[in-house]
Amino acid sequence: MIFSSFEFLFALLPLTLAGFHLCRARGWAVAAKLVLVAASLVFYAWSGLRFLPLVLGSVAANYTLGAMLHARRGLARPLFWVGIAFNLGLLGYFKYAAFASTNIAALFGGDGFFTQAVILPLAISFFTFQQIAYLTETYRGAPPAGSALDYALFILFFPHLIAGPITHHTEMLPQFARPGRRFDGGCATMGASILILGLAKKTLVADTLATVADPVFAAAGHGAIGPAAAWTGALAYTFQLYFDFSGYSDMAIGLGLLFGIRFPVNFASPYQSASIIEFWRRWHITLSRFLRAYVYIPLGGNRHGPLRRHVNLMLTMVVGGLWHGAGWTFVLWGALHGSCLVVNHVWRGTFGAATSRAGRLVAWLVTFLAVVAGWVVFRSVSMAAAGAMLAAMAGFGNGASPDLLVSTGLILVAAGIAFLLPDTLALTGYAPDAAPRPRWNLPPGASAAALGVIAALCFGRLPDPGVFLYFNF
Amino acid sequence: MSPGARLFGIGGFTAFTTLALLSMVPSDRYIQWQATRTEAFARLGWIYERIHFDPAPIDVAFIGTSHTMNGIDGEAVATAMGGCPDITNLSIPSYGRNLHWLIARELLEHRTVGTLVVEVVENETRRSHPLFHAVARWRDIVQAPMLLNLRYLNDLALLPLDRLLLGVKTLLPAAFGLHRRFDPAQYDGPDPDNTRMVRVHNQAFTGPRTTSEDPAALDRDAWEERADKRYNMLPPALADLEYAVPLHYLRQIETLAASRHVPLVFLYLPSYGQDTTPHDPAPYAGHPMLTVSDLLTPHAAWHDFAHLNAAGAAAVSARVGHLLATAARLADDRCG
């Protein structure tokens with residue numbers, strides 16, 4: 001099930017809200033949590049029951065391991081590595097085995113060791129990373145989840161289940177443990193506002209940009225692409241991905257607030273960044289947080305000199321690329337960003353960060369172009385297609401020019417929003433660690449009316465809900 | 001009322017008002033029919049042009065799905081009928097009686113038609129046509145039967161944005177590759193042939209339809225279709241409800257044709273390997289039903305499981321022409 005669908009917005013969501021708040025108001029905390037878990041399972045299994053046992057089994061196994069890690073400290077180390085092996089094994093089997101097999105066969109001949117067709121379970125990358133973080137912290141001595149129900153809710157809670165934000169149990173478990181009884185009107189108002197704005201980003205902006213980007217990347221797959229088309233497609237996808245993913249994160253945050261739950265911020269106007277270092281503090285913030293805490297720092301971080309630091313950065317970004325998908329384009333994308341980070345750190349160490357207006361403008365432009373080039377690789381169906389797109393963008397392509405008027409207009413509108421406006425959460429005054437008090441930039445009534453107009457426009461796109469891009473990861 | 005509830009009320013009222021106002025944005029009908037440019041649905045624009053801008057008579061009009069679009073060659077029908085009748089094939093891919101109704105209404109309200117031939121397949125489809133919302137007027141969508149119309153809410157939800165986009169396209173047609181004035185240079189003629197390839201304004205939407213599907217694949221697809229077919233998913237007490245929507249539109253077509261004194265004929269054109277007559281013939285009672293079952297049996301006639309190839313279409317079209325001519329002579333004899 002997806003957020004931008006009739007069955008979610010007009011059936012599952014209102015029923016779950018009613019059930020949860022009724023139970024909560026009566027002090028039936030366990031019942032309220034069970035309502036959320038049940039709704040989350042319906043949400044996950046809507047497109048098929050096939051992987052429900054897998055996610056439930058993963059939750060049960062990790063909860064049990066976490067409890068044992070806490071109770072049996074003498075066995076903590078082997079239990080921890082069993083847990084890591086279990087989670088990475090699941091991820092490896094479903095996501096990477098076929099890729100590894102194909103490449104080994106390409107190198108050494110033969111049919112490969114893995115020939116069966118495997119369907120990637122929805123959300124496996126997200127719930128695996130969350131549980132790896134949970135096991136790691138429990139191994140380090142943090143208290144485990146207070147109950148199996150709270151833990152299940154932490155992993156399965158539907159607003160973040162499929163495509164994040166990648167939450168940390170330390171920020172979520174306390175909220176689930178004490179859901180409270182009082183209905184917070186401020187939460188509801190802010191949650192509805194963020195939900196509508198996120199829905200607009202996805203249905204009105206991202207899905208429209210997809211109609212520009214998709215044909216271009218499809219053509220690049222056949223090699224027939226000209227410079228104008230390549231730039232149009234690359235820029236359209238750059239903004240499509242941002243509005244799609246940040247829109248989803250906004251919806252998750254908005255939905256969480258409707259239940260009194262606060263999720264971490266995942267995007268903070270990343271395309272306004274003046275460096276790649278800054279970009280990764282604003283783009284998919286929860287993934288960056290995870291990679292820093294559980295890959296970069298365990299590798300040694302910056303504690304062993306600049307050369308080792310750069311190697312660690314590179315490795316971390318390659319892991320980040322691979323997390324997105326089992327393909328050489330994702331590996332290359334990660335490596336490109338790793339390289340850019342290394343260059344950025346070296347530059348900053350040598351020349352310092354840009355401080356003048358002109359310098360920051362140049363820095364912003366260089367950063368943005370590097371990000372666009374990375375997205376071309378990220379989106380392309382193959383390395384050859386990525387090469388064709390990048391070559392065309394450099395002026396070496398041949399192909400028909402698209403109708404630029406509408407495409408350019410769409411891209412300019414998207415760029416204007418991304419570059420010049422504050423993002424949704426800044427606009428509404430959301431802060432994950434503070435009580436939600438909506439900040440109205442217009443009089444409240446006018447803001448409500450504006451949101452009503454936006455909601456009406458989104459309503460028209462619900463019958464043809466596009467897929468959220470990050471569902472693929 | 002709490003402040004939060006008041007704000008939700010303002011938001012809800014504004015949303016509803018916006019939806020209502022958007023649904024009434026004016027647009028040009030010609031633009032509306034041209035706007036769908038994907039796949040063979042691009043023929044919709046040509047249908048509007050044939051009806052409104054081409055003065056060539058319409059002696060026989062065919063309306064159906066891709067079965068008829070690919071299966072009827074107007075020239076072959078005309079040759080078999082003799083006397084140079086003007087044949088026009090107004091069929092569009094995908095199932096959905098409501099779109100047939102829209103096409104029939106556009107045709108019969110604006111042109112004089114000799115005979116209207118409407119396609120029939122094994123059973124009426126329960127589905128609403130996916131492009132009904134694209135060419136319907138807002139009243140058609142709002143007043144569509146609700147039971148059991150699984151796309152009613154979808155079509156209603158699409159109405160506001162559809163109208164907004166159509167309004168924009170009406171103001172800036174060139175930006176979308178559309179035109180408000182009929183251009184004879186871009187017109188595909190009174191009866192373009194869709195049996196060999198579907199081309200719209202020199203853009204091919206299908207490959208050549210001159211090949212035959214593998215016989216084993218045809219037989220397998222036919223067997224699977226028959227095995228999966230469920231003529232009734234609801235209990236007998238609700239059987240009337242199950243097909244209420246397509247039958248509503250069939251009756252609308254029938255009523256309009258009768259009011260315009262246009263003879264209505266049905267053409268049974270199922271997929272390969274299906275029954276030789278419709279599962280339920282009752283909806284078609286009172287009107288001739290043309291059947292060409294013997295011509296649908298050979299594997300060599302089929303491009304794929306659901307569509308005849310050019311050779312199959314030529315044979316079927318010639319037979320349909322003879323049958324229509326015979327029916328016309330019988331009618332003349334009765335009248336004579």
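Which residues of β6(B) point one way and which the other, and are they buried or exposed? I started there, keeping in mind that this is a predicted model, in which local features need pLDDT of at least 70, side-chain atom pairs count only at pLDDT 80 or more, and totals for chains, interfaces and linings use all residues. Residues are numbered from 1 along each chain as its sequence is written, chains are lettered from A and ligands numbered from 1 in written order, and side-chain values use heavy atoms, with hydrogens and water left out.

**Strand β6(B).** I found that L264(B), F266(B) and Y268(B) point one way and V265(B) and L267(B) the other, all of them buried (under 20% relative accessible area, with exposed over 50% and partly exposed in between; 1.4 Å probe, protein chains only). Because 5 of the 5 residues of β6(B), residues 264-268, are buried, the strand is largely enclosed by the rest of the structure. Strands here are DSSP runs of E with at least two residues, numbered from the N terminus, and two of them pair if DSSP finds at least two bridges between them. I noted that β3 (residues 113-120) of chain B pairs with β6(B) in the parallel sense over 5 bridges, L116(B) having L264(B) as its bridge partner. With β7 (residues 289-291) of chain B, β6(B) also pairs in the parallel sense, over 3 bridges, and there M289(B) is the partner of F266(B).

**Salt bridges.** I counted a side-chain nitrogen of Lys or Arg within 4 Å of a carboxyl oxygen of Asp or Glu. K202(A) and D207(A) meet in such a bridge at 2.9 Å, N to O, and both residues are buried.

Conventions. Helices (H or I, at least four residues) and strands (E, at least two) are DSSP runs, numbered from the N terminus.
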